[in-house]
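User: Could you walk me through reading a few features of a protein model? I would like the general idea each time, then the case at hand.

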Amino acid sequence: MAEHGREEASTPWSAWREQTPALREYAYMNSGFSGPSRVAVHRAVRRRLDLELAHGATTRRALDDRHELVERYRETMGRVLGGASPEEIAVTGNTTEGINIIVNGLGLGPGDCVVTTSVEHGSGIVPAYVQRDRNGCELAIVPLEAQDSPDRVAEACVAAMERARGRLGLVILSEIAYSTGQLLPLGAIVREAHRRGGLVLVDGAQTAGHLPIDVRASDVDFYAIPSHKWLCGPEGLGALYVRADLIPRVEPSKVAGRAAASYDLEGSFEAERALITKYELTTTSTALMAGTIEAAEWFLDAGPEAVFERARSLNRYAQGRFERIEGVTVLSPRGDAARTGLFCFAVDGLDAALVNAWLQHEAKVVCRSVAQFNSVRLSLHAFNTRDDIDRAASSVERAIREGIPEDITPAYPPQVVAGGGP
């Protein structure tokens, strides 16, 4: 393992590791849940908090800084999304909030069909179920397997669109499936949905900070992303892209003053239709914005394509390493067309939640389990190394050989794991 460490010490990713304190102790492979913070992100948050402490939050100096950070946030997240304009970026608390803004704001009802897939996170599929149960939409769930080729995925999605009895209203899907790690063919699905008059909403929880996103090239309609996962920014902030011409069509489901173009206190009110800010409520933490900007700019400077290729190369190594372990089955895609930085495996006869707990207890390997497939998921980011993967594999081999002690318990209550989790 030391040989691998020397091999990778001089790569461009070594600075990322050096600036991330958690990586000194842990083989942290859980950015798909929440990424480890660099010192610079922590400092950016602290600088803004220190400014508020010294000057107060509403002095001219603090308010000017807030205004600048909000504008930078919209511009930076637009760049993460591949050229979206700041006027198309809403500030949200997380990916789930962005998804809900769209699903609840389109006015879907009887006669509309919502299409989603069997590999979605609860944040995507539960809003789809609620639309069906509350508003009478038809719901079509496309069954997908991790080894399905992009062409097979696209064909299955088209077949579901064709079978829809009502008008195709909305397709909800993850560009990268959290549960299988597969990259879905977004562009092809968008084209087919648009041909049938439908719109496409992407759950980008596993993409921002992981791979190049290009909302212009894919022609996607809506795209929701978080700060805290692969971008390795602070928790509690996200962004929603709404294509400019669709902003008037999506009504805000929660409203405050920004949802009004004008109003008085005597009964006069005109709703805001065209501005992306109509989806935003009132106070948002400017300190979290400062940290997210720092995290996102680091990713953009590192090069989204380079980050993605590094993650995929680590996945290839993990596949080779874990396939040599008797009793382990690799569940994530084995072909490069759908390969990402998410690597998933199952251990015969062992509960994945216990394997996950064992890895952190025995080897300080931080990852997660996926209850749907009784699998363990490693999020292999650009800062991870082959040594990290070897550390996890050796710990799994020991669990198979010696068993997992009875005092090892899952890190999360069963109902959280079963519900999907991050």
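User: Which residues form one aromatic cluster here?

Analyst: Happy to start there. This is a predicted model, in which local features need pLDDT of at least 70, side-chain atom pairs count only at pLDDT 80 or more, and totals for chains, interfaces and linings use all residues. Residues are numbered from 1 along each chain as its sequence is written, and side-chain values use heavy atoms, with hydrogens and water left out. Rings of Phe, Tyr and Trp (its six-membered ring) pair if their centres lie within 6.5 Å; planes under 30 degrees apart count as stacked, over 60 as edge-to-face and the rest as tilted. The cluster is formed by W13, W16, W298 and F383, and the count of aromatic pairs comes to 6.

User: How are the rings of W16 and F383 arranged?

Analyst: Their centres are 5.4 Å apart and their planes stand at 65°, so this pair is edge-to-face. The pair links distant parts of the chain, 367 residues apart: W16 sits in helix 2 (residues 14-18), and F383 in the loop between strand 15 (375-379) and helix 13 (386-402). Helices (H or I, at least four residues) and strands (E, at least two) are DSSP runs, numbered from the N terminus.

User: Are W16 and F383 buried or exposed?

Analyst: Buried means under 20% relative accessible area, exposed over 50%, and partly exposed in between (1.4 Å probe, protein chains only). Both W16 and F383 are buried. For another pair, take F343 and F345: their ring centres are 6.1 Å apart with planes at 35°, so they are tilted. F343 is buried at 0% relative accessibility, and F345 is buried with a relative accessible area of 0%.

User: What describes two packed helices?

Analyst: The angle between their axes and the distance between the axes. Axes are lines fitted to C-alpha atoms, for helices over the stretch in contact, and angles run from 0 to 180 degrees between N-to-C directions. Here the axes of helix 10 (residues 286-302) and helix 11 (residues 304-323) come within 5 Å and cross at roughly 80°. That makes helix 10 roughly perpendicular to helix 11 (angles under 35 degrees count as roughly parallel, over 145 as roughly antiparallel, 65 to 115 as roughly perpendicular and the rest as oblique).

User: Which residues of helix 10 and helix 11 meet?

Analyst: With contact meaning heavy atoms within 4.5 Å, F299, L300 and A302 in helix 10 meet P304, A306 and V307 in helix 11.
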